[in-house]
Amino acid sequence: MLIDTRTLPDGSRIQADIVIIGSGAAGLTLAHEFAGTTASICILESGGEEVSSAVNTLSAGTARLCGPDGSIVQCDDYMTESRERSFGGTLNVWGGKCAELDPIDFEQRDWMDGSGWPFDKAELQPFYARSCALLGIATFDSRMRDGTSPVRLNGERKFVTALRTFSDLTGKLSGEKFHRFKHAVAGQDGVSVYLYATAIGIEATAAGDAVSHVVIGTLEGKRHSVCGKLVVLAAGGLENPRLLLNANTGWPGARLNPHDQVGRHFAGHGIIRSVGAPGDRPAVVEFSPGMSKRFGLYLDKDLTAVQGLFTLSRAWQRREGLSGFSVTLEPIVVEHGREYSPVYFSLEQRPNPHSRLTLTDHRDRFGLQRLDLDWRFDAADKDTLVRAIREFAAELEQSGVGRLHAELGAMRFAESLEAARHHIGTTRMHTDPRRGVVDADGRVHGIGNLYVAGASVFPTAGLANPTLTIMALAMRLAAEFKQQLRGRSAVATRREWMVPAG
């Protein structure tokens with residue numbers, strides 16, 4: 001059921017088994033997992049069915065991208081343009097790219113401070129398979145394009161092939177399939193989606209060890225309260241920490257952020273086409289005669305087919321102490337009888353506690369303090385980039401495939417990075433509350449019924465587009481919730497109810 005919160009009597013009280021703040025990949029997947037159950041689900045969406053500039057302005061803030069070479073780019077627009085407040089969240093503008101994280105992404109890597117998830121990839125694998133089914137794509141262990149084999153570049157000592165594919169369950173295409181999906185979730189028994197319902201407060205019980213209710217507001221000035229047995233922040237890697245930081249100022253004992261971890265370790269993805277001085281030519285691969293025919297898996301950008309890219313092998317990462325790195329080839333360009341492929345590089349940003357979100361003195365229309373993003377890459381990030389590019393160039397030549405033309409000169413890192421809409425790590429998982437915000441189940445340390453879902457809980461970013469992992473984690477969280485609700489004596493057997501406050 002879709003409900004326009006603006007039409008409710010002021011001061012209404014809403015109650016449900018599970019309250020989900022956000023209707024994007026995490027929120028919709030979590031609610032979808034309760035189809036056919038008796039649980040009542042309330043989804044709070046700040047926007048409506050269509051994007052609204054008045055609503056999206058609530059996301060405004062300040063941001064800087066800082067490179068290890070001292071380059072700085074002010075990018076305030078990133079705070080609004082990299083996310084969307086509307087039913088379906090950023091899935092409305094998601095390009096559909098799907099990939100699993102690599103097993104090494106979950107490992108404790110001795111050369112990378114802050115690495116290591118509380119569980120390994122095997123824990124997540126069943127949920128990856130179910131997420132692929134929901135997205136209408138084949139599982140990755142069954143994928144290979146007919147007649148197209150991966151290129152074993154120089155024996156795969158340093159570079160291996162990783163696979164990517166695309167789902168059509170996205171609003172960026174025609175959007176019809178995604179439109180049907182999100183409305184089907186809203187139409188499930190027990191699910192109600194409240195539109196124009198901006199979460200503006202998370203209130204504590206008297207003991208300060210649980211959430212008593214969430215305060216929501218409309219731009220027209222109405223205020224309502226929402227109570228749930230379980231409360232989930234699924235509003236994205238910027239808004240999740242923002243809600244926690246704002247709520248912490250009034251929380252008993254400031255227990256939402258006792259160790260100053262909320263907002264730290266911001267990591268994002270981006271692509272780099274030029275690694276030289278500003279104005280240098282973007283990198284290209286010049287193929288040796290006849291060699292491009294072997295690279296169909298990498299050059300064909302048909303969104304209905306599997307695509308390949310080159311990544312550093314796990315063995316080489318371990319040997320050299322490198323983070324994740326990939327090379328993506330683009331369709332062939334012919335110049336003067338020679339075949340070239342433009343290429344771009346992607347880098348796994350290492351966890352960095354100084355790359356962080358903080359609150360500013362500026363406030364939105366609800367009085368919430370706005371965010372400042374200080375997005376920092378360090379010298380180890382650039383070292384991986386430069387060393388991996390040199391190794392890739394050497395592997396191409398030694399294998400006889402071709403040559404990489406890339407000007408490794410006076411690169412201005414921040415000016416070269418094209419940022420993606422991936423906000424990672426700001427409420428990271430860790431078993432130790434001094435080093436993370438949530439535990440292995442996504443529960444905020446010390447708070448009995450408050451959970452976080454989405455890429456903000458990733459301890460490390462990896463290289464993969466995060467959507468598939470976000471969905472897999474949401475399914476894992478749903479399984480935990482089902483166990484909890486079965487263990488309670490008062491599981492709702494009806495939809496959440498709304499009554500005027502008395």
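**View 1. A cluster of rings.** Ring pairs join Phe 159, Phe 287, Phe 295, Tyr 298, Phe 310, Phe 325, Phe 345 and Phe 392 into a cluster. Rings of Phe, Tyr and Trp (its six-membered ring) count as a pair if their centres lie within 6.5 Å; planes under 30 degrees apart make the pair stacked, over 60 edge-to-face, and the rest tilted. The structure holds 17 aromatic pairs. Keep in mind that this is a predicted model, where local features need pLDDT of at least 70 and side-chain atom pairs count only at pLDDT 80 or more, while totals for chains, interfaces and linings use all residues. Residues are numbered from 1 along each chain as its sequence is written, and side-chain values use heavy atoms, with hydrogens and water left out.

**View 2. Trp 117 meets Phe 458.** These two ring centres sit 5.4 Å apart with the planes at 45°, so we call the pair tilted. Trp 117 is in the loop between strand 6 (97–98) and helix 4 (121–135), and Phe 458 is in the loop between strand 22 (450–452) and helix 11 (467–486), so the pair ties together parts 341 residues apart in sequence. Helices (H or I, at least four residues) and strands (E, at least two) are DSSP runs, numbered from the N terminus.

**View 3. Tyr 298 on Phe 310.** Here's a stacked pair: 4.5 Å centre to centre, with 10° between the planes. Tyr 298 belongs to helix 7 (residues 296–299) and Phe 310 to strand 14 (residues 307–312), so the pair ties together parts 12 residues apart in sequence. Tyr 298 and Phe 310 are both buried.

**View 4. Arginines over rings.** Arg 6 lies over the face of Tyr 196, 3.7 Å from the ring centre. Arg 476 does likewise with Phe 119, at 4.1 Å from the ring centre. To count, NZ of Lys or CZ of Arg must be within 6 Å of the ring centre and within 35 degrees of the ring normal.

View 5. Two strands pair if DSSP finds at least two bridges between them. Strand 4 (residues 62–66) and strand 5 run antiparallel, joined by 3 bridges, and Arg 64 stands opposite Gln 74 in strand 5.

Notes: Buried means under 20% relative accessible area, exposed over 50%, partly exposed in between (1.4 Å probe, protein chains only).
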